[in-house]
Amino acid sequence: MRTLFTIMIAALCCIGMKPCTSAIVSGKITKSGRVMMWKHRDTGKEDGKVERIEARNGRMAYVAVYDAIDRKNREAWAGMNTAGFAVMNTASYNLKNDKVKDKDMDKEGLLMTVALGTCRTVDDFERLLKTYHRPMCVEANFGVVDAQGNAAYFETNNYSYTRINLSEAENGALVRTNYSHTGRVDEGYGYIREANANCLLAPHIAARDIVPATFTEELSRSFYHSLIDRDFSQMGLQWIVDQDFIPRRSSVATIVFEIPAPGEDPSLATMWIGLGYPPCSEIRAVWCTPDGLPDELRGTLPNGHSSLCDRTVEMKHKVFPIQRGNGQSYLNISLLYNEQGTGYCQIMKQKNLLYYQTVYEELDRRRKALVNK
């Protein structure tokens, strides 16, 4: 055990990165038969919100995730529109091959804002990339899905991109973290987190039983470490080092887009989201309809805060209570998982699974009503 912890402590590093984890899965391996796209978001800004942007000037209405400080909702970090098109990204660190200054980079949110207002399909997004200004000021893996059943990652730098279609994935799933598969070999970050996600998804791919909760209640709350091959939530520990798990101190949201199958009404596209630190988060369903966004997700509080996000962040600060020295790298996992079953993860998972059941019953009623029109 001492050796194990020594290895993990030695691996700690302080780098200015946004270590998101993501996946796109085919309807062939989901329980509902619908394409799903997941983003476990990480950023240095822990306060987030969801807002609905009205249709205007020929652009579609959409819902998207924003940083709380973005008062004008300029940079969307994941979202979907009324056409059933959804987009998200993970930062990449092995694609950039130019001299564009760092201060001019990280404009992915601006590009996705344009996409949400104008794109209906994956092909539309590719056309946007072809015509977007150069340099694009991005280095990212963009994930996109549409209501026609198409899905792809676009591994994109300032001047070019490579499209990887979900249909090309032999097992029906694509996973991306913070490097691009078409980029420079062994550069970038997130190799262990990608392996974590693949390991956790493997039995669900084999069973073809993936549901949104697979991502929000399992992967985004998992402390499985693939390199060490240990699940730290099952070891009866109090303290662990926050290193190379899917959830991290910098994690601020878990988001799943469940896109209607071809022929279904695009208005049924659902964004399942847990704001704040995902292991402590409550899941809510969001739609693009005028009444489809719960107020508790919106930035209605001072400084653009969301009330639901604030409640989650309060729990997160208890999980990461040490501020001195390197204390922020240590989490009290016994507050998330314990033998008594009173950990935040354990309680929230039970609560969220009941919520999923209730919302799916309502969605089934809505689907039947639309069919009988």
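**Salt bridges, a paired strand and a kinked helix**

Arginine 311 is partly exposed, with a relative accessible area of 38%; residues are called buried under 20% relative accessible area, exposed over 50% and partly exposed in between (1.4 Å probe, protein chains only). The structure is a predicted model, in which local features need pLDDT of at least 70 and side-chain atom pairs count only at pLDDT 80 or more, whereas totals for chains, interfaces and linings use all residues. Residues are numbered from 1 along each chain as its sequence is written, and side-chain values use heavy atoms, with hydrogens and water left out.

Side chains of opposite charge can pair when their charged atoms come close. A salt bridge is counted where a side-chain nitrogen of Lys or Arg lies within 4 Å of a carboxyl oxygen of Asp or Glu, and this rule gives 21 salt bridges. Helices (H or I, at least four residues) and strands (E, at least two) are DSSP runs, numbered from the N terminus. Arginine 311 is joined to glutamate 282 by a salt bridge whose closest N and O atoms are 3.9 Å apart. This pair links distant parts of the chain, with arginine 311 in helix H6 (residues 307–319) and glutamate 282 in the loop between S15 and strand S16 (283–286), 29 residues apart. Glutamate 282 is buried, at a relative accessible area of 9%. Through shared partners, salt bridges join Glu282, Arg284, Glu296, Arg311 and Lys351 into one network.

A second salt bridge connects the side chains of arginine 163 and aspartate 123 (2.9 Å, N to O). Arginine 163 belongs to strand S9 (residues 161–165) and aspartate 123 to helix H3 (residues 122–131), so the pair ties together parts that are 40 residues apart in sequence. Both residues are partly exposed, arginine 163 at 24% relative accessible area and aspartate 123 at 38%. In a further salt bridge, between arginine 367 and glutamate 264, the closest N and O atoms are 3.6 Å apart. Because arginine 367 lies in helix H7 (residues 344–371) and glutamate 264 in the loop between strand S14 (251–258) and strand S15 (270–275), the pair ties together parts that are 103 residues apart in sequence. Arginine 367 is buried, with a relative accessible area of 13%, while glutamate 264 is partly exposed at 24%.

Strand S7 (residues 140–145) is mostly covered, six of its six residues being buried. In a regular strand the side chains alternate between the two faces of the sheet. In S7, Ala140, Phe142 and Val144 point one way and Asn141, Gly143 and Val145 the other. Strands are taken to pair if DSSP finds at least two bridges between them. S7 pairs in the antiparallel sense with strand S6 (residues 86–91) over six bridges, and alanine 86 stands opposite valine 145. Six bridges also join S7 to strand S8 (residues 151–156), again antiparallel, with alanine 152 as the bridge partner of valine 144. The hairpin of S7 and S8 has five residues between the strands, and glycine 149 there takes a positive phi near 90 degrees.

Helix H4 (residues 191–207) has 17 residues and reaches 25 Å from its first C-alpha to its last, close to the 24 Å expected at 1.5 Å a residue; the expected span is 1.5 Å times one less than the number of residues. A kink of about 40 degrees lies at leucine 201, shortly before proline 203, the bend being the angle between axes fitted to the seven residues ending there and the seven starting there. After H4 comes arginine 208, whose phi is positive, near 55 degrees.
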